[in-house]
Amino acid sequence: MQAPTGTVTLVFTDIQDSTPLWERHGPRFEDCLKIHNEILRAKIAACGGYEVKTEGDAFMVAFSRASDAARFALSAQQALHEAPWPPAVGEVLVRMGLHTGEPICTIDASSQRMDYLGPAVNRAARVASAGHGGQILLSDAAQSAAADALSDAQVMDLGEHRLKGLERPERIFQALPRGLEDRRFGPLHALSSLPTNLPPQATSFVGRERELRDLTTLLRPRDGRQVPAFSARTKLYGSGRFQKTAAPLEPAWLVTLTGAGGTGKTRLALRLGNELLDQFEGGVWFVDLSAARSMKDLCQAVASALGVPLTGKEAPERVIASVLQYRKPLLLILDNFEQVVDCAQGSIALWRQAATQARFLATSRALLGIAGEREYELQPLASPPAGRARRSALTLSAFDAVTLFAQRAREADSRFELNDENMQAVSEICTELDGLPLAIELAAARVKVLKPAQMVKKLGQKFELLKSSRRDLTPRQQTLLGAIEWGFDLLNDWERQAFLQVCVFSGGFFLDAAEAVLDLDGVEGAPLALDAIQSLREKSLLTAAEGRYETRFSMYRAVRDFGRARWKQLSPTSVSALRDRHAKFYGAYIEHWSRRMPSRDALESLDRVEMEFSNCLEALEWGLAKGDLDAATPLLTSSSAMRVRGRFEVMVPPLRLVAAASADRRDVTTMRAMTSLSRALLDSGESAQARELALKAASLAELLGPSMYSGHALRQLGESYRSRSEFEPAMEYFTRAAQVYVAADHRHGELATLVDRAVTLRQMNRLAESEPMLAQAQAVARELGDGRSLAAVLSNLGNNAMQKGHFAEALALYRESEELARLYRDPLQLSGAVGNRGNTHALLKEFDEARRCYEEAVAIDREIGSKSGLGIQLSNLAQLDVRCGRLEEAERHFAECQAIWAEIGHNVSLLSVMRERGHNLTLMGRYAQALPLLVEGKAGDVSEPGSGSLTRMQEQADLAICLFETGARDRALDLAAELRRRLENPPQANHLEEVDVERLRSEIVRLLAHGASS
């Protein structure tokens, strides 16, 4: 039976009370289980079902038609009733649940069988778990779809029921086959009878698995045992400062779920209440405080939710305390507590004293400030990271933010499908909106009038874009602007000033930056910057992340955009002074850490400079607006760190701005801008523009005279030549750069040019000259404590060792280089070292390990967008495919590699891969496709049948075969005859060549024999 897909009816079955039956009857029950399994499998086969999986006595079965599923359930119940059960055991009763929907279909990695996931599966399982042995339950969808098959059965509408884990009530039907109509069952195992006022939810719930586990652990009554934490960002309020706790999660009487507007606090609280409903005898009660402004309002809302009157002269908060005191254990969800936070001590704290068995969950943008309060900070949904190369659709669809967009878009327009065409745009939307659920839902609702690609273009006007026409939403939920304004309006004067000023930061900031940039001296009652930042954090306008070095603060893009739009409330003079302070601080900060980069502090320096890249862009924007190019200094200084981290693509646009702004100048800033832009373009694969800029920068270096930056310009020009295999001019400029570095006493520059020249000499096959330079470079790198440069030196020493056939030495050097590259998170260096190690494993015929290396290197280069690196690694992988006989995979890899080299304009590599691809196509018998590649790749010329290596002769043999098979037989035979003559005394093979001389000879002999016979 083929596994059904699309709309599927799922059936779950299990035996009632199977565990006590096993305990009571032991081996005799094993016979019953065998009868049970035989009956079910026979009926599954008879009705065209697909057995998905079994676990113990439980079956999961899928049917393409609901009518077949219903026939299976009815016939199976009849057969089970008539089965010869052992008298000592009696009839085995099986409960069954059916639901029709569209599950996610996936192949299970271990069984290689179809498996089903998602809401449809959950609903089918919950329907089944609500029943009793001998009972068949159907969801509303299943009953409607299977109506024809149920015509002979007794069908009863059992009404709507709340099922555990499902927020939307399900209408449930019972079906019994004729002859079993007299069966009677108790009430369904549902939540409907439990005391609650939780409102049903109209939309599906996405993600938040970890948060639900954490909050369930915190709020469920426990027996005192500690429960392992799930890496929650929880904080215990007490000292007035917040700090992350590493302690295991323990039950708390009050949890405050905090987060910025739009993070989904209310939605998560409702879902959690549904999950915990069967854990509290007194029920789970939801209190909406969005309209509350006083203690009276708060108590009235709670009383209304609990269904009790507030009468008499007693204070309302004490009436609530009395009610809670005599209720069974309950969970009270207090939503939107931020506007009555001053009432927390007089309400929740009082209620806790009276009702120790009660649990409280408050959703709030501000902490309540009660001793013992446990804060759980809700983060946005996981969304794709910004500033990276394109990712696969499969990778992007795994992010919860993308899933939420897709589900809400489908609810808005049933025709919407997430596909390769719109996936990148949806990903960009989710990233720009920081994964905020409210913003994503509002954007998804627009698919009725805008395609995702159109939305991307309008994200600059997000407050106009992100609006809803739904009438069931409160005003603050109908627009993203309203959600943010809600929190802003709760701030006092100095908090508003502090908030508006921190909006100058981009991408986050540390406390020392805030203390240097914020100026609250003119605001009455304003505290120190430290206290202002803490207050904004506790009111969810800032988020705090505890990093390797310090706590880092940030805000969501939408919140920052809101604040920047309100800078009009500040005077132009104060805004200008604010941005000046910001630019001045980061100019000094980046300069300080960049100086420490080529040292033992390299890792921290790289981390800090990379983290502040967005603030460098902010300083640049302000500087360009004022016509002050000195503001470009932080960006230019950070460029080397960004390159180490593989972020060169994001450097290109701002560097273009600097280069354009300084086009008419002839100073160091201009030279630095052109050099940095040339380097970023070369890394990104735009070699022609990179060469042009490098020439201009080198010319300016000659004019300005020796300096560290002149050395950088000359070195970059040398690199632009070397990248195109023009080694002689590359050596010239590397040597000149080294001289400039010596004059400037820049030892790290001297070290870099030692490596540059050594690599170039090796590429020119001057290995004996290369090795002393690398040895010297290694000694200098270790002396300076420059681990990043040492990683490059070691990898190149490995290349030399591999070229000499010293494979064990090469592998050891590559591994040491990889270790350093991973330490410094240098993806370019890591890709090269891993790929080179793959080459060594391939030469050792350790093909599985070689493939793992190449695939890792390919993944790294795709991630960072390194086209040249990707071209190299794809070529390596394709050649390995050929050696392993995986010719179709090799063809795919060669084709992509060829396109990359053509785009970059690297003719030497392009011609090489064309010849390699032509060889693979020849092996595949696709001669017409191979011939133009071999000819254009200059595999050989009939008049000059090549010279030199065995590899060259193999390429010419491929050409001869393709010429023969495509009709040019005379030319083919002439070339083959010449190759046979040369194979009588073939050139000496080296260990880097993978040409089988005997196979090559037999190919030529066979071709000549074929020609003679025809």
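Author: Let us take strand β13. From β13, L331, I333 and D335 point one way and L332 and L334 the other way, and all of them are buried. Buried here means under 20% relative accessible area, with exposed meaning over 50% and partly exposed in between, computed with a 1.4 Å probe on protein chains only. Strands are DSSP runs of E with at least two residues, while helices are runs of H or I with at least four, and both are numbered from the N terminus.

The model is a predicted one, in which local features need pLDDT of at least 70 and side-chain atom pairs count only at pLDDT 80 or more, whereas totals for chains, interfaces and linings use all residues. Residues are numbered from 1 along each chain as its sequence is written, and side-chain values use heavy atoms, with hydrogens and water left out.

Why is strand β13 described as largely enclosed by the rest of the structure? The strand covers residues 331–335, and five of its five residues are buried, so the rest of the structure largely encloses it.

The partners of β13 come next. Strands of a sheet pair through backbone hydrogen bonds, in either a parallel or an antiparallel manner. Two strands are said to pair if DSSP finds at least two bridges between them. Strand β12 (residues 284–288) pairs with β13 in the parallel sense, over five bridges. Within this pairing, V284 has L331 of β13 as its bridge partner. Strand β14 (residues 359–364) also runs parallel to β13, and four bridges join the two. There, L334 stands opposite A362 of β14.

A helix also belongs to this arrangement. Helix α10 (residues 344–354) forms a right-handed β-α-β unit together with β13 and β14. A crossover is right-handed if, with the strands pointing away from the viewer, the path from the first strand over the helix to the second runs clockwise.

R408 counts as buried because its relative accessibility is 8%. Its side chain makes a polar contact with the side chain of E411 (3.2 Å), and another with the side chain of E441 (2.8 Å). A polar contact is a pair of N or O atoms within 3.5 Å; within protein, one must be able to donate a hydrogen and the other to accept it, and residues adjacent in sequence count only if both atoms are side-chain atoms.
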